[in-house]
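Hi,

Here is the structure I promised to pass on. Have a look at it first, and then read my notes below.

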Amino acid sequence: MSSDALVHEIGPGGSVDGDPAGVLGGKGASIVELRETGFPVPDGFVLTTEAYHSFVRQAGLASDLAAALDFDTSDPDPDTLAEAGREARELVRDAELPPEHVEAVTEAYAAMGEPRVAVRSSATDEDGADASFAGQQETYLAVEGAEAVLQRVKDCWASLFTDRALTYRAEHDRADEAGIAVIVQELVEADKSGVLFTVDPATEAREMTVEAAWGLGEAVVSGAVSPDNYVVDRDTDSLLEKTVNTKRVMVERAPDGETVRRPVPEGKREEQVLDRDEIGTLVDIGREIETRRDGPQDIEWAISDGDVVVLQARPITTGGGSTPAGAGTDDPRGVTVDGLGAAPGSAVGELRFETLAAVKRAKAGHDVVLARERTSPSDLPGMKAAEAVVTAEGGTTSHAAIVARELDTPAVVGCEGFDVDESAGRAEVGGRTVEPGTRVRVDGTGGELTLLE
């Protein structure tokens, strides 16, 4: 097999005829198109979906993967799901890479000058207009050396079979095995980063929303931090709203090359991340990408040494029928705390802090509200089983917030006065200690959590 069938350069003239997403995955096709049309996208290459499929064929994995994944996808038992995913991932990781794959990746990486890179999954169904697959497959940052890159390629392939990815594909009637490409790009040493939505992600109002935090963007998209939030009028570019949050953590590259999560220095925790010129530059880029793609966009970006870099752009996805605010609720009594409405609708249920299995057990005869310290894509199975989600940290543009909107699961994130101790299985709401089973109301439109007892 030729190296051209395995590796595709991210650069001028890099377009793919026919079905770009079928060759490069949804994310890879988007990145290649952005770079070709002149947007500031980091250098790199894409290991194509054919590389994955030929690896599966040559390693003789097809029948074993099919056997491992032979379970009821409509409502899988949590233990069965976990075991199936674990077996499939081990099959991929334990198989040898074909020599031509090793050669193609090694040569493409050498042509880049062997820098530190981000190795990113790009499934064929990813970043579509009806399903984002946000955060469902893996990304690895600060990878250095050909051997490490090759290992992370296999890890990305294996992430097709995480519990959350299997659940997500089943939820979207895509339970059959998907194809996957892998993006290898020079790592952007971001001073600040975040996400831009060209319409409001929760209400779809025609206003641009920018969320920003210090360091690498992983902190924002993973929900580890409550980022600054800026709302901009599309017609006048005027700043309609500005929320400067307390940013407690940041992700940055350590001296050994690994990425680490560190506390934000005291002097920067309350500092505004973006100045007015930076907001204006991002809004201009967002408007141009939206115009080229003829629809609202979800754009990940970074700023390094004053330069704005586009890391990803995909159509904004939302659910088809969220519960109207106030529906199915009790009259509020007791403490109410405010957060960000990340997915519209309202729900009442019992607070739970546990795993998918525990949520599904608790749900027998009960409505459950999943409580977390921060949003995480790995909570997808629990989010699917829950009536609503509430978190202490996170923003409206995080991967898990995107998925909550797709699932029509009301969600409130970055809730002030809501402190979760997941290990102890309890929380503080407005200074009051609450235990599992406490009934609450979640208003994902208004951004409120209310104790009902």
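Before the helices, a word on how the angles work: axes are lines fitted to C-alpha atoms, for helices over the stretch in contact, and angles run from 0 to 180 degrees between N-to-C directions. Please also keep in mind that this is a predicted model.

**Helices around α7**

Let's start with helix α6 (residues 99-111) and helix α7 (residues 146-158), which pack at an angle of about 120 degrees with their axes 10 Å apart. Angles of 65 to 115 degrees would count as roughly perpendicular and those over 145 as roughly antiparallel, so α6 is oblique to α7. The two helices make a right-handed crossing. On the α6 side the contact is made by H101, V102, V105, T106 and Y109, and on the α7 side by A146, V149, L150 and W157. Sorted by class, this contact of α6 with α7 holds seven nonpolar residues, two polar ones and no charged ones.

Helix α5 (residues 78-94) also packs on α7, at an angle of about 155 degrees and with the axes 9 Å apart. That angle makes α5 roughly antiparallel to α7. Here too the crossing is right-handed. In α5 the residues involved are R89, V92, R93 and D94, and they meet K154, D155, W157 and A158 of α7. What does the class count look like for the contact of α5 with α7? There are three nonpolar residues, no polar ones and five charged ones.

Is D155 buried or exposed? D155 has a relative accessible area of 6%, so it is buried. Leaving aside residues up to four places away in sequence, D155 touches R93 and Y140.

**Strand β6**

Next, go to strand β6 (residues 192-197). Six of its six residues are buried, so β6 is largely enclosed by the rest of the structure. Both faces are covered: K192, G194 and L196 are buried on one side, and S193, V195 and F197 on the other.

β6 pairs with strand β7 (residues 207-214) in the antiparallel sense over six bridges, and F197 stands opposite T209 in β7. β6 also pairs with β12, again in the antiparallel sense over six bridges. There, W301 of β12 is the bridge partner of G194.

**Two aspartates with positive phi**

Most residues other than glycine have a negative phi, which makes the next two worth a look. D294 has a phi near 55 degrees, a positive value in a non-glycine residue. You will find D294 in the loop between α11 (276-293) and β12 (297-304). With 72% relative accessibility, D294 counts as exposed.

D305 has a positive phi as well, of about 50 degrees, and is not a glycine either. Where does D305 lie? D305 is in the loop between β12 and β13 (307-315). Its relative accessibility is 70%, so D305 counts as exposed.

Eight strands form an open sheet in the order β14-β24-β23-β16-β17-β18-β19-β15, with mixed pairing. β14 (336-338) and β15 (340-343) are at the edges with a single partner strand each, so one side of each has no neighbour in the sheet. On average, neighbouring strands of this sheet are turned by 30 degrees against each other, direction ignored. Within the sheet, strand β23 (residues 439-443) and strand β24 (residues 448-451) pair in the antiparallel sense over four bridges. V442 stands opposite L449 in β24.

The other open sheet has three strands in the order β20-β21-β22, and its pairing is antiparallel. β20 (418-421) and β22 (432-434) are the edge strands, each pairing on one side only. Neighbouring strands in this sheet are turned by 20 degrees against each other on average, direction ignored. Strand β21 (residues 426-429) pairs with β22 in the antiparallel sense over three bridges, and R432 of β22 is the bridge partner of V429.

Cheers

How values were computed. Residues are numbered from 1 along each chain as its sequence is written. This is a predicted model: local features need pLDDT of at least 70, side-chain atom pairs count only at pLDDT 80 or more; totals for chains, interfaces and linings use all residues. Side-chain values use heavy atoms; hydrogens and water are left out. Two strands pair if DSSP finds at least two bridges between them. Angles under 35 degrees count as roughly parallel, over 145 as roughly antiparallel, 65 to 115 as roughly perpendicular and the rest as oblique. A crossing is left-handed if the near helix is turned anticlockwise from the far one by less than a right angle, and right-handed if clockwise. Contact means heavy atoms within 4.5 Å. Ala, Val, Leu, Ile, Met, Phe, Trp, Tyr, Cys and Pro count as nonpolar, Asp, Glu, Lys and Arg as charged, and the others, Gly among them, as polar. Buried means under 20% relative accessible area, exposed over 50%, partly exposed in between (1.4 Å probe, protein chains only).
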